[in-house]
Amino acid sequence: MVSAPSGAGKTSLCRELIDRFGNLRHSVSFTTRKKRVGEIAGVDYHYVDQATFSTMVDDQQMAEWAEVHGNHYGTALDTLNSAAAEGVDLLLDIDYQGAAQLKRNFPHGIFIFILPPSLEELERRLRGRKTDSEGVIERRLQNARKEMAESGWYDYLVVNDDFDVALDELCAIIKAERCRTVHRQS
């Protein structure tokens, strides 16, 4: 599981990890957020309305879910079960609230938090996107402070100051975890 404040580079790093590692698949989350330009349903997210999402939560179909920036996001339990049945490592790009739920219910997972080099750099990145209003940027920065305060319970912390260095660290984590005795014994 990989978490980070919005703008820390989590999505870009996760895409590179998927490209570099065989048997590693991106988990496609469900969201009530509107689809952005260039996003593809079923690839970037499963886009659903609030009623559908609420039904999935009520029917205990979600392994984790959270409200983030005014929208709901979650990982279907079927997604985790299918990956386990196929023997595939699943990369979840999720908020700290969902990661905390997974840590309680699936403690064997690997939890990684991506930190920006500073809040100032995070703000620069968010503004550089030119996709959000001033109010959204301020809310994302406020949420980033809360998210970063939660990073201490993650298994690994990676600072994304230099993209290639952060990617190398993430690759090292995956390689090391795949070499753990529990994964090598038949």
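**The largest pocket and its surroundings**

Modeller: Helix α1 gives the largest share of the lining of the largest pocket, 6 residues. Helices (H or I, at least four residues) and strands (E, at least two) are DSSP runs, numbered from the N terminus. This is a predicted model, in which local features need pLDDT of at least 70 and side-chain atom pairs count only at pLDDT 80 or more, while totals for chains, interfaces and linings use all residues. Residues are numbered from 1 along each chain as its sequence is written, and side-chain values use heavy atoms, with hydrogens and water left out.

The volume of this pocket is about 1000 Å³. A pocket is an open set of points on a 1 Å grid over the protein atoms alone, where a 1.4 Å probe fits, with protein on both sides within 12 Å along at least five of seven lines; lining residues have an atom within 4 Å of a point. Volume is the space filled by probe spheres set on the points, with grid points joined across faces, edges and corners. The lining has 36 residues, and Lys-10, Thr-11, Arg-36, Tyr-45 and Asp-93 lie nearest the centre. Two or more lining residues come from each of α1 (10-20), β5, β6, α5 (119-129) and α6 (134-149). By class, there are 12 nonpolar, 11 polar and 13 charged residues. Here Ala, Val, Leu, Ile, Met, Phe, Trp, Tyr, Cys and Pro count as nonpolar, Asp, Glu, Lys and Arg as charged, and the others, Gly among them, as polar.

Next, the sheet that holds β5 and β6. Its 4 strands form an open sheet with mixed pairing, in the order β4-β3-β6-β5. β4 (46-47) and β5 (62-68) are at the edges with a single partner strand each, so one side of each has no neighbour in the sheet. Strands pair if DSSP finds at least two bridges between them. β3 (residues 30-31) and β6 (residues 71-76) run antiparallel, joined by 2 bridges. Thr-31 is opposite Tyr-73 of β6.

Helix α2 (residues 50-58) lies across β3, β5 and β6, at about 135° to β5. Contact means heavy atoms within 4.5 Å. Axes are lines fitted to C-alpha atoms, for helices over the stretch in contact, and angles run from 0 to 180 degrees between N-to-C directions. The model has 6 aromatic pairs. In one of them, Phe-53 and Trp-65 are edge-to-face, 6.3 Å centre to centre with 75° between the planes. Phe-53 is in α2 and Trp-65 in β5, so the pair ties together parts 12 residues apart in sequence. The rule takes rings of Phe, Tyr and Trp (its six-membered ring) with centres within 6.5 Å; planes over 60 degrees apart count as edge-to-face, under 30 as stacked and the rest as tilted.

Now the second largest pocket. It holds about 810 Å³ of space. Of its 26 lining residues, Asp-89, Leu-90, His-108, Gly-109 and Ile-110 are closest to the centre. Its lining has 17 nonpolar, 5 polar and 4 charged residues.
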